[in-house]
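Subject: Structure for your review

Dear colleague,

I am passing on the structure we talked about, with notes on what was found in it. Please read the notes with the sequence and the coordinates open beside you.

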Amino acid sequence: MRTPTLLQEEASPSGTTLTVRMDAQLDVFKGHFPDFPLLPGVAQIDFAVRYARQYLAVDGEFVGMDAIKFQDPILPGSTVTLTLEWAPEKEKLGFSFRSGNRAHSSGRILLKQSA
């Protein structure tokens, strides 16, 4: 699976903020939906986990989610900001997708760390 085009990265002590373009050619847009393509929620979760592993060295097994909200569709060609915050003591990855003042999605992903 291709990933979005990374345009900018800003690191912080507890996370990172990535600006990405959701290229219309991404496989995840195919068939979801034919007449009105949008980025599926499962792809948003996958991108958040992938980027957390890459930029925050977050490891662990996916064990669940909480407080997940999908509020505004992400369309092909959109430029969005993905904010990731890792709380290792809670084993939770907070994420949010935004563009300007529009909130697209947010939530927490539970990643059980190896003992």
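A salt bridge, as the term is used here, is a side-chain nitrogen of Lys or Arg within 4 Å of a carboxyl oxygen of Asp or Glu. By that criterion Arg2, Arg21 and Asp23 are linked in a network of salt bridges, and the structure as a whole holds 9 salt bridges.

Before the details, please note that this is a predicted model, in which local features need pLDDT of at least 70 and side-chain atom pairs count only at pLDDT 80 or more, while totals for chains, interfaces and linings use all residues. Residues are numbered from 1 along each chain as its sequence is written, and side-chain values use heavy atoms, with hydrogens and water left out.

The sheet

Helices (H or I, at least four residues) and strands (E, at least two) are DSSP runs numbered from the N terminus, and two strands are said to pair if DSSP finds at least two bridges between them. On that basis, 6 strands form an open sheet with antiparallel pairing, in the order β1-β2-β4-β5-β6-β3. Its edge strands are β1 (5-12) and β3 (61-70), each of which pairs on one side only. From one strand to the next the twist averages 20 degrees, where axes are lines fitted to C-alpha atoms (for helices over the stretch in contact) and angles run from 0 to 180 degrees between N-to-C directions.

Salt bridges and exposure

For exposure, buried means under 20% relative accessible area, exposed over 50%, and partly exposed in between (1.4 Å probe, protein chains only). Arg108 forms a salt bridge with Asp66, with the closest N and O atoms 3.0 Å apart. Arg108 lies in strand β6 (residues 102-112) and Asp66 in strand β3, so this pair ties together parts that are 42 residues apart in sequence. Both residues are partly exposed, Arg108 with a relative accessible area of 36% and Asp66 with one of 23%.

Glu91 and Lys112 meet through their side chains in another salt bridge (3.9 Å, N to O). This pair links distant parts of the chain, with Glu91 in the loop between β4 and β5 (92-99) and Lys112 in strand β6, 21 residues apart. Lys112 counts as partly exposed at 47% relative accessibility, and Glu91 has a positive phi of about 55 degrees although it is not a glycine.

A further salt bridge joins Lys30 and Asp27, whose closest N and O atoms are 3.2 Å apart. Lys30 is exposed, at 60% relative accessible area, whereas Asp27 is partly exposed, at 42%.

Other sites

Ala57, in the loop between α1 and β3, is another residue other than glycine with a positive phi, near 55 degrees, and it is exposed at 66% relative accessibility.

Which residue makes a polar contact with the side chain of Gln44? It is Ser105, through its side chain, at 2.5 Å, a polar contact being a pair of N or O atoms within 3.5 Å, of which, within protein, one must be able to donate a hydrogen and the other to accept it, and for which residues adjacent in sequence count only if both atoms are side-chain atoms. Gln44 is found in helix α1 (residues 41-56) and is buried, with a relative accessible area of 4%.

Finally, Phe33, Phe36 and Leu75 form a nonpolar patch on the surface, with about 280 Å² of accessible area together. Patches are made of residues with over 30% relative accessible area and no salt bridge, like charges being joined within 9 Å and nonpolar side chains (Val, Leu, Ile, Met, Phe, Trp, Tyr) within 5 Å; accessible areas come from the Shrake-Rupley method with a 1.4 Å probe, and for residues only the protein chains shown count as cover. Leu75 lies in the loop between β3 and β4 and is partly exposed, at 34% relative accessible area.
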